[in-house]
Amino acid sequence: MSDLYALFGGTFDPIHYGHLRPVTALAQQVGLQKVTLLPNNVPPHRPQPEASAQQRVAMLRCAIADRPLFDIDTRELTRTTPSWTVDTLETLRAERGAQQPLGFIIGQDSLLTLGKWHRWQELLSLCHLLVCQRPGYAAQMATPEMQQWLDAHRAHEVQQLHRAPAGHIWLADTPLFDISATEIRQRRHHGQDCADLLPAAVIDYIDRAGLYRD
């Protein structure tokens, strides 16, 4: 049985505790030895990042320097096309082989809007979806059809994620952190303290790089 290998994609503009802490809890819950952070280049569903790709990777390196659970995969940053998750997963599946259990970590907000994702119906043929809770989001899917799809694929035992290469959805019991990168950028623009929202090493880099200033 191969170790479950998991990826966590995002803009990370900047990375913060709302990313790191729920994913760390998820890793403990489902037995992940490694989580690969996958920074987006051209995020399809949101405005372009304020920080450059190089700056966002530098912030990730600062954030995970003392967190051996995490590493970084920068493949999406070399693309000039939108960062479609399904394309990246197809590439990883080809690299890792048909039998490698593969997980893709998303927030509850992303699960609720999954029907808008590019080729979303193909995701579970490539990976498991590992879902972290987000404060303030509904527990139910938007339509009965989507709820039926979730119920049909939901895993209730961790071993299901390790035994199969793909096909399951795990709704993780992770801590809720009401933190957003948007809020951090706004606080920085207003000169407000963010020490409780992201690692000190990341704040230090932001200060040195002069990011998120008016």
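I note here that the model is a predicted one.

**Aromatic pairs.** I looked up how many aromatic pairs the structure holds, and the count is two. In one of them, the ring centres of F8 and F12 are 5.7 Å apart and the planes stand at 70 degrees; planes over 60 degrees apart count as edge-to-face, so this pair is edge-to-face.

I then asked where the two partners sit in the chain. W120 is in the loop between α4 (108-112) and α5 (123-126), while W149 belongs to helix α6 (residues 144-153). The two are 29 residues apart, and the pair links distant parts of the chain.

**Charges over rings.** I looked next at arginines placed over tyrosine rings. R21 has its charged end over the ring of Y17, at 3.6 Å from the ring centre. R96 lies over the face of Y5, and I noted 3.6 Å to the ring centre there.

**N41.** I located N41 in the loop between β2 (35-39) and α2 (53-64). Is N41 buried or exposed? Its relative accessible area is 17%, and buried means under 20%, so N41 is buried. I followed the side chain of N41 to the backbone oxygen of R79, which it reaches at 2.2 Å. I also listed the contacts of N41, leaving aside neighbours within four places in sequence: Q48, P49, R56, E76, L77, R79, T80 and S83.

**Nonpolar cores.** I turned to the largest nonpolar core, which has 41 residues. Which residues have the most contacts inside it? They are L32 and I105. I checked which elements each supply at least two residues of this core and wrote down β1 (5-10), α1 (17-30), β2, α2, β5 (128-132) and α9 (200-209).

For L32 I set aside the neighbours within four places in sequence and found contacts with L4, A6, A27, L69, I105 and L130.

Another core lies apart from the largest one. I recorded 24 residues for this other core, including L92, L102, L114 and V131.

Technical notes. Residues are numbered from 1 along each chain as its sequence is written. This is a predicted model: local features need pLDDT of at least 70, side-chain atom pairs count only at pLDDT 80 or more; totals for chains, interfaces and linings use all residues. Side-chain values use heavy atoms; hydrogens and water are left out. Rings of Phe, Tyr and Trp (its six-membered ring) pair if their centres lie within 6.5 Å; planes under 30 degrees apart count as stacked, over 60 as edge-to-face and the rest as tilted. Helices (H or I, at least four residues) and strands (E, at least two) are DSSP runs, numbered from the N terminus. A charge sits over a ring if NZ of Lys or CZ of Arg is within 6 Å of the ring centre and within 35 degrees of the ring normal. Buried means under 20% relative accessible area, exposed over 50%, partly exposed in between (1.4 Å probe, protein chains only). A polar contact is a pair of N or O atoms within 3.5 Å; within protein, one must be able to donate a hydrogen and the other to accept it, and residues adjacent in sequence count only if both atoms are side-chain atoms. Contact means heavy atoms within 4.5 Å. A nonpolar core is a set of buried Ala, Val, Leu, Ile, Met, Phe, Trp, Tyr and Cys residues joined through side-chain atoms within 4.5 Å.
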